[in-house]
Amino acid sequence: MATSTPAARTDGQPPPPPHGSAGKSGPRRDGSAGQSRRNLLHRLDVRGVPYAFIAPFFLIFGAFGLYPLLYTFWISLHRVELSSLDRMEWRGLANFTELIDDDRFWNALTNTFTIGVISTVPQLLMALGLAHLLNYRLRGSTFFRVAVLTPYATSIAAAALVFTMLFERDYGMINWGLGFLGVENIDFENQKWPAQFAISAIVIWRWTGYNALLYLAAMQAIPRDLYEAAAIDGASRWQQFRQVTVPGISATIVFTIVLSTIGATQLFGEPLIFGQGPNGISGGADNQYQTLGLLLYEEGWRNYQMGRAATIAWAMFLILILVFVLQRVVTGVRARRSARPASATRKTPATPKAPSTPSVPS
Amino acid sequence: MGTARHRLGSTLSALPSRFPHRSANSSPHRSPHRFPTLAAVAAAGLSLVLVAGCGGGGDTGEAKTKDGKTVVTMGMFGVMGFKESGLLDTYMKENPDILIEADVAGDEQTYYTALQTHLAAGSGLKDIQGIEIGRAKELVDTQADKFSDLSKTPGLDHFLPWKSSQVTTEDGKLLGLGTDIGPMAVCYRKDLFEQAGLPTDRAEVEKLWAGDWAKYVEVGRDFKEGSKKAKVAFMDSSTGLFNAMIYGDEKQFYDKDGTLIYADNPVVKDAWALASGAAQSGLTAKLRQFQPGWDPGLANGTFATTVCPAWMLAHISEKAGPANKGKWDVAKAPKGANWGGAFLGVMDKSPVKKEAADLVAWLTAPEQQAVIFEKLGNFPSSKTALSIPAVANGTSAYFSDAPIGQIFGAAAKEIPDEQVLGRKDGTIKDTFSAGLQLIESQGKKPDVAWKTTDERIKKLTR
């Protein structure tokens with residue numbers, strides 16, 4: 001806009017009238033009151049507009065994120081039943097101390113952790129491998145990329161129901177297949193580790209493709225010449241993968257780990273449907289696959305104790321915060337430790353390399 | 001030179017935007033600046049509207065369709081039979097100004113959880129809601145004010161005496177009208193009995209375990225010895241046996257004044273002892289009723305008997321399928337008991353309370369209960385309906401023409417006249433089922449399983 005005005009003047013044409021309001025703005029131009037008002041408006045424009053533009057998010061976050069979070073904490077200090085939410089009995093931190101003494105909580109916490117590990121680790125490794133394969137020049141690559149994402153588009157309920165049928169003890173397809181190998185029918189639901197593996201299978205099936213696409217996107221941002229250079233240096237495919245690809249997408253890997261950790265903490269739908277009926281809520285007859293999410297649901301929507309359910313919700317929130325603080329501390333320490341030797345090693349190869357570079361083109 | 005000046009001029013004129021007083025004077029710069037102000041106000045306003053809009057709205061209680069019909073909505077669970085038997089269609093044909101919208105949730109636990117949430121939130125409720133017997137007491141104790149009082153409905157005396165009292169508050173408010181009850185019998189597979197060398201005729205089968213559930217377990221041991229198929233169990237689950245035993249008594253988990261007595265109640269203790277013994281001795285197929293594995297078990301004959309309340313017959317015949325027609329039979333249980341049953345309640349806030357109450361009264365009237373019994377086997381809670389010939393002489397073609405009217409009618413008469421319900425009956429029953437599974441499927445010792453169950457019940461009733 002700014003450049004067009006003088007260009008027009010040099011052409012000898014008059015400046016365009018400002019919306020035909022020249023007469024109106026004329027007197028104001030001299031008045032100092034109007035001047036300062038316009039200054040204020042302009043400053044509001046520059047300073048205020050960005051806030052107004054991001055306001056919708058913060059308003060909605062306040063209403064649906066922050067307020068529920070604080071209100072949940074308020075509830076967790078009370079004894080409240082779902083059937084009579086208006087009657088609240090002050091308990092202070094008693095819900096929290098009781099929770100710490102409750103072995104169901106620790107059981108659910110370990111289950112959440114073990115199911116989280118056996119679902120997240122293979123899932124991310126498989127996603128990495130898949131993404132690497134998809135990154136090759138393939139015929140019909142779009143088809144494979146879409147195909148890899150389809151499980152993610154399936155609803156949790158549908159996926160969990162189908163897997164429940166597959167893992168069923170007497171007539172499930174997996175036991176039927178194992179039967180050919182001479183394996184006795186496995187009671188997936190009732191045994192701790194088989195149940196946890198079965199639930200992990202649902203999670204892995206649903207999320208691997210999603211993570212693979214994230215990795216693929218990051219991999220495509222890695223410059224081709226890095227691979228070419230590595231190939232010229234004689235690096236094998238595996239070495240290229242380890243030395244070029246993985247470091248190149250490390251930020252994305254951290255991102256998926258964060259996402260999966262949050263997802264694992266909230267694990268709920270899969271075990272609930274896997275257990276079917278009352279056993280789903282309690283995570284099996286022996287709570288063998290009860291996650292924190294399920295324990296929360298059991299307290300809130302089966303025992304109707306909202307205060308205790310809110311306490312678990314807050315405990316989960318605190319655990320997540322703790323995990324990320326720990327993660328930051330660990331990465332901070334590692335970064336500091338790796339920074340020192342790195343600066344020392346970088347100096348030595350850098351100096352001989354400098355004179356060698358001009359010799360290559362000649 | 002000219003071009004140089006031009007360039008300089010353009011750079012200078014590019015500057016003004018950084019100097020407020022100049023930009024304010026040069027008119028072309030004003031219009032783009034005014035636009036954001038308006039946009040910002042609009043954006044902020046819009047977001048407020050969005051936030052406010054989410055809070056408002058909700059149930060408008062629209063009760064009329066475009067052609068002037070009054071809409072009555074129903075929330076039900078399982079196979080309550082009104083939709084399945086075509087009774088709702090009949091009612092709409094007889095009352096052309098009524099449109100019934102019935103919503104059926106398959107699983108009662110899911111249904112009740114949603115109902116509780118809706119009751120707490122005060123929205124999302126249907127005009128008519130089904131109430132399962134295990135939840136009756138809790139609703140009577142905590143949610144009575146949200147239900148409309150049906151005690152003034154004319155002609156209520158046709159119900160069995162104990163049925164209506166289960167959903168009546170202390171001050172006489174009636175929260176629902178009874179649908180079916182669950183007198184119990186034992187459903188058994190004749191072909192599997194024959195293979196195991198046991199009698200197949202229902203009169204002789206009844207005699208094997210007459211009077212005592214312990215004898216039923218004894219028959220199981222004989223069955224196990226005689227059966228040639230190692231994979232066929234005598235009963236589906238130990239929980240069925242447990243339920244049958246406790247529900248034959250006046251009191252189960254609670255005393256009349258609402259104190260928990262399950263731990264000392266001899267009925268519960270005996271039932272636990274017998275059921276856990278059966279669970280340990282491999283007489284069960286280690287299945288959970290109404291869960292995956294149970295249905296194909298019914299169809300493929302992985303177990304020979306199951307304790308069956310009247311309402312279960314519809315489920316068995318559907319899941320076992322036409323291929324097994326005539327293989328199943330029904331025999332009288334050692335002792336009469338009542339497992340399950342339901343009510344239909346009208347919500348107090350419903351805009352069509354009167355129409356809903358009329359519909360409930362019609363659906364639970366003796367004639368309609370008889371129709372449901374004929375079509376689906378759900379047993380009437382109406383005394384009058386028991387003497388309707390269709391009920392009294394009812395037989396089931398699927399279950400080898402068993403005289404189910406007689407068998408369940410006799411069992412209904414053995415049901416104690418008073419049944420003490422407790423607030424957490426449903427959940428406690430589920431907890432006992434899980435406790436028996438600890439023995440059955442996890443190999444825990446009965447006393448360990450009892451201890452776990454006891455702790456769990458203490459935590460959930462705390």
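**Salt bridges**

Modeller: B:Glu414 has a relative accessible area of 37% and is therefore partly exposed, a class between buried (under 20% relative accessible area) and exposed (over 50%), computed with a 1.4 Å probe on protein chains only. This is a predicted model, in which local features need pLDDT of at least 70 and side-chain atom pairs count only at pLDDT 80 or more, while totals for chains, interfaces and linings use all residues. Residues are numbered from 1 along each chain as its sequence is written, chains are lettered from A and ligands numbered from 1 in the order in which they are written, and side-chain values use heavy atoms, with hydrogens and water left out.

The partner of B:Glu414 is B:Lys332, with 3.2 Å between the closest N and O atoms; a salt bridge here is a side-chain nitrogen of Lys or Arg within 4 Å of a carboxyl oxygen of Asp or Glu. B:Lys332 belongs to strand 7 (residues 328-332) of chain B and B:Glu414 to helix 19 of chain B, so the pair ties together parts 82 residues apart in sequence; helices (H or I, at least four residues) and strands (E, at least two) are DSSP runs, numbered from the N terminus. B:Lys332, at 29%, is likewise partly exposed.

A second salt bridge joins B:Arg423 to A:Glu81 (3.2 Å, N to O). This pair crosses between chains, from the loop between helix 19 (404-414) and helix 20 (425-440) of chain B to strand 1 (residues 78-81) of chain A. B:Arg423 is partly exposed at 24%, whereas A:Glu81 is buried at 15%.
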